[in-house]
Amino acid sequence: MVLIAGLTTFVLWPREEEKTPPQLASAATKSLRAWRGVTYAGTTVDGNGAIVGFRLTVARDGTAYGTLSRDSGALAELAVSPERTLLRGNQQWWFGHEPGSADALANTWVADPPHGVTGLAELSRLTPAALADALLDEDSDGSSGADKWRQSASTSVNGRPAKVLTDGTLRIVVTASAPYRPLSVGLPGSAEPQRSTTPEPAPDIGDARTAAFRSGPPGGAVRSAGHASAAAGEPAPDPGLSSAVSEPDKAQVQRTTEAVRRVDAKQEQAEPLSERVAAQPDVAVQATPTPPLCTTPSCTAAVTVTNRGTAPASGTVMVTVAGQTALNSPVSVPPGGNRALTATARNVAPPGQTIPVTWSVVFYAPDVMGDDPALVKRLADRGFRLNEPMGDQRVNSGPPNGKAVLQLLDAMTPGIGPRTSPLLRKQRISDVGQTVANLVQQGAFEPFYELVVNSDNLKLSDESGFGELREKTAQFSDSDRRTLQHASDLARAGHEVVWGTTFKPAGSTDGYKADLQDLTRKQTIQRKAVSGSTDAVVNDFAKAIGELSGDGVTPPGFSKVAWVDIAPNATTALVGMDRQALVKELKRLKLDKHCRGAGGPAFDAAVFTTYPPGPDGTPQRTNSVFTCNELLSRAADHRKYIQSEMIWKTNNDPVWFSDNYDSIGRRQSKATAENGVGLPQLAKDNENNWISRHELPSAPGARLSPAKSVGPGSVGDRKRSSLLDKVADHRKASVDLTNAERKFRESRTAASQVASQRVLDKARQTYRRELGVKPNNSSISERLGESAARYHVVPKEFPGAEWISLPKTPNGADMFDQLYRLKDGELLIVEAKAPSSGLGWRQGKGRHKGKLVQQGTREYVETIIELMKERAEKSPRDGKLARDLEEALKQGKLRYVLVKAKEGGGSYAGATLRDCDIS
């Protein structure tokens, strides 16, 4: 504004003309070329089809440092210099690529890992200039790639308006106003993972000779599922990723360069992964009875140990026969050498009789097989010949590697014993061995190990299930892997699942085979992984729907879930859409036609996994859940559908649940919202499912007396005190692991990921030392409250109380924690709680139907009694106890108390006692 001789003159500057999408793309990539480096925070897909998160800073010359991670707690550091690539992964990381060598490789640097291990191509292709070239690649006809860009959506990144651009394959998020800078990119990559889904036929292993595995063919070249792109001379694929991008400041580039130089200098002798895996002993051991028919009081066998490998072999030769240890001798064998020993055992044949015996022999090398000789001996006694190759020898040529592999063999064969028929033993060992060999080859060992060993969730209807697993794992797609990972997640959360085999409901001769059966939630899930176009999404969704409607797929009473898992490097524009944009596009694609069939909707829930940018532009894996009601609705307000989606995910998406709630259903943060809707408060219904607290009215809450402290000094009995300390220590290990896992998932920088990974590894080691392979869930914390009540508070405060055993329930709920009969004849109900637990809410029954009732109230007592009555026909004891409790309640001879353990870390710290008013 200019004032001249009393007149006001306005000078209007011309408004900048809004740029077209091609102009925005061109301006953003021009800006990108001038960057001093690129900091990435995104996701990609590795050679095994697993989703990998990465946080990297890449300088102009290709020098890069950062981290790679998977949801399971797997983490690897990556340091890239112009000369080589160095990678250091934790044990969980190597479970996904070299499970047999995971212990040896953990937390050590290896040089030049195959691209399939990292999921990223050569880091020189992720420099500012290379990324700009990838975004504006010229077509073969010479036309500029910038000309094809169009705007697909508007968004906001760190509070700054932005536009989402796509050329039909690539995606880029650009600031909506000058200076125009890229904020996020999506590159589909140039090649699918080069994984063989149909291996060559395996050699005959019907002689029941079995072993664990080393991933690597003869000569040491690594060629398992994740390593297809590693061979010399093969070009690396273009990077396929979805990532937030930003320009690092000078200090960050300097830190990156210095970190890489430091690692490179200290790890000058780091060996390539192929050499690390190949440089191992390869021992053959054989026991020959002399003579074959022993008639003397003592029987012998000649034992020969031969080292066919390239490294010295040191270990113990263990020989057993007829339940006796015939030899347990340390031995060392140089490469190419052999040793001869003699095993001796007592002749246990009854007088005048001949009995068949089997000499079981194994060379146990702790540095290869792990630190559990009892595990090795147990497998050898079952018939596994652990020093011989098994499976497809063109893929797995070496001897047994890794404790984890042996643990999986053990978990899959607990039914093999002395009375197992030779034919069944032979077939079971063959099927199990080939299944594990397949899993290692296909890069799917990690989720199956979690499912079977850590979650104890191998569900087979009959012996034929082992053959089904063998066939299933021989041909393994990305869809199979994502489904197996989901099965593992569900199992860790306490669900019973069936994956890879036929499910036969109890009392039925009919079998049902689907991608996944969730027996806990009664759901049949058909899941498809898509890395291609929108047409592929539409076609695979239709395929899942068709399979759900087929014969022998969905058991009676099960709901149908069609799940499309869009990979972060997919070419479809759907991959970057949030829920609001996705539902509009699904309607435009007319997917609601599957809701209009003559027989009604063809599915109960449709789930789409996408990777929309989060508030800071980082892609966020998002599972959006739709029902036909929403797909057919024309309403603009989808709030109620979003609320329903969140309740669905509390019950069916364990990763989402653990990110947002603790184990007893309390919100991690009251401020958290999803798609503009706050997280619901939770309660349990009569089927032990989570529901929204606001869906039903609530009965009056618990009325409690003041807390009475019962200190640990009053336990009295030394054995009980020791037991309570042990239970408290187990709870601490469980809580520490849960907190470490959450902190790891929440890490947002490479440095914080490395720090949190170290804490997580330590917590995982402590947990495994204390609790072995027991699943880490709320039952561990619950046991502290239960033990405090049973072994301390009740004996101290209610002398002479008689323990009453309660019947087990199908879902572990719908029953009181503990019940006692007091000396005066009264009944005592105990609600036992861990230090961090409170009184929960659930759906009422009987006269309280349609309400939520809280533990510690009369309404809750009457609800549980009603549930016990319903079970009386199948469980007469439930019926008798229900009558006793109901009569005691009427006569005022029923007490209800809350016992809550105190927080004491790894030692028992006592508990508090409160009376619950149930008058």
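Is Arg-428 buried or exposed, and what is its relative accessible area? Arg-428 is buried, with a relative accessible area of 10%; buried means under 20%, exposed over 50% and partly exposed in between, with a 1.4 Å probe and protein chains only.

The model is predicted: local features need pLDDT of at least 70, side-chain atom pairs count only at pLDDT 80 or more, and totals for chains, interfaces and linings use all residues. Residues are numbered from 1 along each chain as its sequence is written, and side-chain values use heavy atoms, leaving out hydrogens and water.

View 1. Arg-428 is found in helix H11 (residues 422–442). Helices (H or I, at least four residues) and strands (E, at least two) are DSSP runs, numbered from the N terminus. Leaving aside residues up to four places away in sequence, Arg-428 touches Met-412, Thr-413, Gly-415, Ile-416, Glu-463 and Phe-466; contact means heavy atoms within 4.5 Å.

**View 2. Strand S13 and its two partners.** Six of the seven residues of S13 (residues 240–246) are buried, so this strand is largely enclosed by the rest of the structure. Strand S3 (residues 37–45) pairs with S13 in the antiparallel sense over six bridges; pairing requires at least two bridges found by DSSP. Within S13, Val-245 stands opposite Tyr-40. Strand S12 (residues 182–188) also runs antiparallel to S13, and five bridges join them. Leu-241 in S13 is the bridge partner of Leu-187.

**View 3. Packing of helices H23 and H24.** H23 (residues 858–870) and H24 (residues 876–890) pack at an angle of about 150°, with their axes 8 Å apart. Axes are lines fitted to C-alpha atoms, for helices over the stretch in contact, and angles run from 0 to 180 degrees between N-to-C directions. H23 and H24 are therefore roughly antiparallel; angles over 145 degrees count as such, under 35 as roughly parallel, 65 to 115 as roughly perpendicular and the rest as oblique. The residues of the contact of H23 with H24 comprise seven nonpolar, one polar and five charged. Ala, Val, Leu, Ile, Met, Phe, Trp, Tyr, Cys and Pro count as nonpolar, Asp, Glu, Lys and Arg as charged, and the others, Gly among them, as polar.

**View 4. Packing of helices H12 and H14.** The axes of H12 (residues 445–454) and H14 (residues 478–492) come within 8 Å and cross at roughly 30°. H12 and H14 are therefore roughly parallel to each other. By class, their contact has six nonpolar, two polar and four charged residues.
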